[in-house]
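Subject: Structure for your review

Dear colleague,

Please find below the structure that I am handing over to you. My notes on what was found follow directly after it.

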Amino acid sequence: VRFATIKLVNTHNSAWRDRSTRKFRLLTGLTQHGPWTQVLETELEDSTQQQDPLPLQRIALDRSTFAQFVKFQGISYWGHGGGLQYFDIQRNNFCDQGDAAVVSGNTFHGNFPAENILTHDKVEVENGNWNIW
């Protein structure tokens, strides 16, 4: 799939408002095992003080990229942890919408729907960074 923009909604943990993703990087690959290419590293605003519903954010990449798999890697967070309420790619207009599919409809810890997750792999933590597949 070719894309140049991602769409996401940060989190704030409902009424507790005690967590929010701060800095993250986005990596792409042609297989679920890599090799991975970093296409974005950016910082989000602290959403713990934002009102519901939290805004849908569109973040443009420096250039269009082609990938079979996308990996979201959290680097830092506000409060007690990070997370997202929603994540998707915005496919380029010339790309056939039928060439991408969600591989898994699992939930994270049994509570959070993961409608746009691309593999069955578990969250990985490496050097303090967390990967959500």
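How many residues does the largest nonpolar core have, and which of them have the most contacts inside it? In this predicted model, that core has 16 residues, and Phe3, Ile6, Phe24 and Leu26 are those with the most contacts inside it. Two or more residues come from each of strands S1 (2-10), S2, S3 (37-43), S4 (57-66), S5 (69-79) and S6. Strand S1 gives the most to the core, with 3 residues.

Phe3 deserves a look of its own. Leaving out residues up to four places away in sequence, Phe3 touches a list of residues that includes Leu26, Leu61, Val70, Ile89 and Gln90.

Gln90 belongs to strand S6, which spans residues 84-91. Because its relative accessibility is 32%, Gln90 counts as partly exposed. Apart from neighbours within four places in sequence, Gln90 is in contact with Phe3, Ala4, Thr5, Ile6, Lys7 and Arg58. The C-alpha atoms of Gln90 and Ile59 are 9.6 Å apart in space, while the two residues are 31 apart in sequence.

Is Thr21 buried or exposed? Thr21 has 0% relative accessibility and therefore counts as buried. This residue lies in strand S2, residues 19-29. A polar atom of the Thr21 side chain lies 2.8 Å from the backbone oxygen of Gly83.

I turn next to the charged residues. Side chains of opposite charge can pair when their charged atoms come close. The structure holds 6 salt bridges. One of them joins the side chains of Asp18 and Arg19, at 3.1 Å from N to O. Arg19 is partly exposed, because its relative accessibility is 26%.

A salt bridge also joins the side chains of Arg22 and Glu43, at 3.3 Å from N to O. Arg22 lies in strand S2 and Glu43 in strand S3, so this pair ties together parts that are 21 residues apart in sequence. Both residues count as partly exposed, Arg22 at 30% relative accessibility and Glu43 with a relative accessible area of 45%.

The side chains of Arg25 and Glu41 likewise meet in a salt bridge, again given from N to O, at 3.3 Å. Here Arg25 in strand S2 and Glu41 in strand S3 are 16 residues apart, and the pair links distant parts of the chain. Arg25 is buried, with a relative accessible area of 18%, whereas Glu41 is partly exposed at 35%. Through salt bridges that share partners, Lys23, Arg25 and Glu41 are joined into one network.

A colleague

Terms used. Residues numbered from 1 in each chain as written. Predicted model: local features only at pLDDT ≥ 70, side-chain atom pairs only at ≥ 80, totals over all residues. Heavy atoms only, no water. Helix = DSSP H or I, 4+ residues; strand = E, 2+ residues; numbered from the N terminus. Buried < 20%, exposed > 50% of the residue type's maximum accessible area, 1.4 Å probe, protein only. Polar contact = N/O pair within 3.5 Å; in protein donor to acceptor, adjacent residues only side chain to side chain. Contact = heavy atoms within 4.5 Å. Core = buried A, V, L, I, M, F, W, Y, C linked by side-chain atoms within 4.5 Å. Salt bridge = Lys/Arg side-chain N within 4 Å of Asp/Glu carboxyl O.
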